[in-house]
Amino acid sequence: MNIYRPAAMRLLDAREEAPDVRTFRLEFLDGAARSEFFSRYRVGQFGLYGVPGAGESTFCVASPPTRQEYIECTFRKNGRVTQALQDREVGQMITFRGPYGNCFPMDSWRGKNILFVAGGIALPPVRSVIWNVLDRRSEFGGVTIVYGARTVADLVYKHELEQWAARPDVDLVLTVDPGGETPEWKGQVAFVPNLLKALPAATNSVAVVCGPPIMIKLSLPALRGLGFSTADIYTTLENRMKCGVGKCGRCNVGPMYVCKDGPVFTAEQLETLPQGDL
Amino acid sequence: MEKIEVQTEVKTENTREAFDPRLVAFVCNWCTYAGADLAGTSRLQYAPNVRIIKLPCTGRIDPLLVLKAFEGGADAVLISGCHPGDCHYTSGNYHARRRWSVFGKLLAFAGIGGHRLYFSWVSAAEGQKFADLINSITKEVLAAGPFDPINPARRRI
Amino acid sequence: MSIVDAIRADAAGLLQTGRAKLVLGYRSRRGQRVPILLTDAAGADQLVYDAECRQNLAAYLRKPEVRQHFPVGVVAAPPVMRSLVMLSAESQIAADAVTVLAVSENEYHGALDLAATVQLLREKYANLAPNEELLRKVREVAAMSEEERAAFWTEQFSKCTRCYACRAACPGCYCQWCVAKRNVPQWISTADLAHGTFAWNITRAFHHAGRCTLCGACEAACPQGLPLMLLNACVAECVEKEFGHKTGYDLAEKPLIGSWRPDDDDGFVR
Amino acid sequence: MKLLRADRLADLAAALAAQGYRVIAPIRQGRIVRLAEWRPGAAIETSGISANSVKDFLFPRSEIIDRYSLNGGDFVQQEVSPEAIKTVVLAVRPCDAESVSVLDTVFNWDSNDVFYNARREACTVVSLACVRADEHCFCTSVGGSPESAEGADAVLRVAGGGDKFIFEPLTPKGHALAEAAGGVLAEGVAAADPVAEIPRRFDVKTVTEWLNKNFDSPLWQEFAAACLGCGACAYACPSCHCFDMQDESTRKESVRYRNWDTCGLALFTLHTSGHNPRSTQTARWRQRVMHKLSYIPQRFNLTACMGCGRCSRLCPNGLGISETCEKIAQLCKANHEGRAR
């Protein structure tokens, strides 16, 4: 079997989330590929989405394994591949390889409170966890979501943010960076790490943090301050990837391949990896 | 860029026996394109072998565009702009002239000779000159034969 | 005092007085001459110089790790001196960023600033003896038929692995975003395909029109033995003949391709 | 014992070619000796080490791994089969033959790479024990030896003061080769000449231990000072295996290539956002050394450097794995002595 050969997917729906940010809903053209995917897919894993002629790009699978009719991904148009992907129209085809990488150990979170912290375009990997938790709501304790973006326009999944806000069993804190608010904005105006400090202390809790490097860097001490141990703080790393299967060497960080040993790491694991200039 | 690749793409490989030269012309918006337009509105007949690509100025035409054209299947490339002194942007054509003087010689040294790369000045009033130019280049390329199919510049994936 | 002793003394002097925070020179390693980056005057006795010193040390001046040590001293033979002048003329280094330890095969001219280097180049090295062997080969290729030339270069370029050692070795390759790195669109194919290697090697040679000082570092660095100097010599000959341009003899020199004159050659225009 | 007259190496190549092998051998091309396809009349150079390595024929510079025919927004996947020509690589150095184990591991841990495996399956490696070494060779420092047979299907050993080779088949592929060679190999008895003496420049365990603990050492600045950031060392390296995947397309067809790539180039890790997590040449050189001598050993219990010395032989700037390792070993020795005192 050619491990570099992707499956063919059809684009069912493309939603504009924020400027240049789109969510694709995709279905497998081949039933066998679909069952193969869902037999292995766990939340936190990623895939390589591609357009023949342009190449492949790595994003997380943003839909949860609890919804098996389709997969979704959300990405910003930034380079050659993402441009080619966004040029695709509904009904056209793209390629997909995956699921790759490790996953969030959700079974070990049963009965615990979960704090989700996300920034900007990094909500998608967290979103698959959130929906997975909400689809199995009774298995978990309290759910708190802190999500921030630079401006109101940059918030993604606005429709779902409303759904979460309306749920009594979810605490949602939305924020935008100072200067990013609009007159109608009803949420917070602050940086995410600063808001974390105001949260109640952690008991029997895990945190899932995903965002730009600077947000992660500043959020970790804030979470430690709330009483989270580094083993209970999860994040997903990103590195440039090509093969996705631990061969091309591109995502190598210390002895780890982000594509095989990641993308999900605990803060405890991160401490053992090389810091600074990789 | 995508458009250039599409326009110059090899559809069928030319043979010496049935050779229909593909000429790609990179022309400036202000003089040669207007000249070509005049050739058209004046109903001047010229060889249909040319694909015209309009750019703001010859000063914008990077040698990589020419390499891309050869890569995509052009048998010859023409670069044409305003006469010296007439550049809409003052000096773009002077820059281009110097660039192509060097690049043409380098390309010839690398095996892509004079009947593959042409350079000319055609003003907005010179519809006849444009038609004659295309005819004569097409004739020359026809005589020279297809751009050697083993030439390294040609794209073979 | 021998040439090498004089270089050592001046290098140590530059570092001790703070006129340079780093000296780029050559050392001997396993019979080869390789670059050395000295920050401590005590290391100056490792410096050597002879005709085998082929790397163009001016290439280091684009490296951020070196730039943080400006001003630097550079051991430089005439082609390297010309590269330094070119870099200054193209605003890549400030005129006071380098002190030139000007040397040739049989003479050492002392630690000079760039203005004095230009003076020296004009007085003593205005007409560097052409490399006869190289010129003979250029004639040989030029005399081939077009088909032969295409075949010759196809074979040569087929050896290219696109390691970009030629680019790394060249001081003229100071672009942070080399066109070979750009992928929107993919200007130069990265696969081992003839059109990609052709486009890379031709573009590299062309981008050095008016920058190349024929120092030979690119060809010396090429692990596959490509005759890159043939291309460089072809371009250098053209720019000198057509535009009277000789790289690296004028601190106010305008980049050749970025400038023009109304009376430039018009002969090839239809 | 099978013997081959030293002047009949080309006859061996001819005999194997006649049996349908693609014969790869070290051949002089201009100023360098390369492993290249042998053609009748070409002399096989056995004196030095080739500029390229066996890697070129198992994991080529570019290889097609996927293919599509395009039709607007739709595509049809086309069949791609690994290109596996029956090949023999003649007279490579023992270090080259050993390096195959690294490629085997990387391309087969976790999942199997059919393209690599098909070539590997079709390839017979005949190594030539070294009776000469140059100042860049350091196989003995990384656990290798000039007479090692590891990874080879057959070994040639110089005998009779250089006038013949002992041909020693080791694997079924090697025996098949001996059979294919037919009359070129004669039965006889000979004693192998002494192999090259290659001084141990450093102890690889000490170096690996230092590397495991010293990612942040300020010394990396010094080790990498002369590096100008090209891929010459990695592309020549028999065990460097990192790659890129790039599409080449026309309007009707798209082909996905796997091309060599290297951590020495800035583009390797650059994110689309413009952020480069490995932003300096110092960090890139560190990655190359670490990957070979710390990360792969930790992960696969292998040393990914065979001591062929190609990196330092080729580098115009005098960098090489051995240079860096020697500096580290000296440092460790000095530290050790310092503590002892």
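A residue counts as buried here if 20 or more other C-beta atoms lie within 10 Å of its own. Keep that cut-off in mind. One more thing before we start: this is a predicted model.

Let's begin in chain A, with strand E8. It covers residues 143–149.

Now its partners. On one side of the story is strand E7 of chain A, residues 113–119. E7(A) and E8(A) pair in the parallel sense, over 6 bridges. Look for A:Leu115: its bridge partner in E8(A) is A:Thr144. Between these strands comes helix H3 of chain A, residues 123–135. Together, E7(A), H3(A) and E8(A) make a right-handed β-α-β unit.

Next, strand E9 of chain A, residues 170–176. E8(A) pairs with E9(A) too, again in the parallel sense, here over 7 bridges. Find A:Tyr147, and opposite it, in E9(A), stands A:Leu174. How does the chain get from E8(A) to E9(A)? Through helix H4 of chain A, residues 158–166. That β-α-β crossover is right-handed.

On to chain C. It has 10 helices and 6 strands. Its C-alpha trace spans about 60 × 45 × 40 Å along the principal axes. Does that chain look compact or extended? A compact globule of 270 residues would have a radius of gyration near 18 Å, and chain C has 19 Å, which agrees. Buried residues make up 51% of chain C. Now take its contacts with a separation of 6 or more: 68% of them join residues 24 or more positions apart.

Where they touch, 14 residues of domain 1 are in contact with 11 of domain 2. The domain 1 side of chain C has 7 nonpolar, 4 polar and 3 charged residues.

Last stop: chain B against chain C. Here 38 residues of chain B are in contact with 36 of chain C. Which elements of chain B give two or more residues to that side? Helix H3 (63–72), helix H4 (92–109) and strand E4 (117–121). H4(B) gives the most, with 13 residues. By class, the chain B side divides into 20 nonpolar, 8 polar and 10 charged.

Technical notes: Residues numbered from 1 in each chain as written. Chains lettered and ligands numbered in written order. Predicted model: local features only at pLDDT ≥ 70, side-chain atom pairs only at ≥ 80, totals over all residues. Buried ≥ 20, exposed ≤ 12 C-beta atoms within 10 Å, placed from the backbone. Helix = DSSP H or I, 4+ residues; strand = E, 2+ residues; numbered from the N terminus. Pairing = 2+ DSSP bridges. Right-handed = clockwise from strand over helix to strand, strands pointing away. Contact = placed C-beta atoms within 7 Å. Nonpolar A, V, L, I, M, F, W, Y, C, P; charged D, E, K, R; others polar. Rg over C-alpha atoms; globule rule 2.2 N^0.38 Å.
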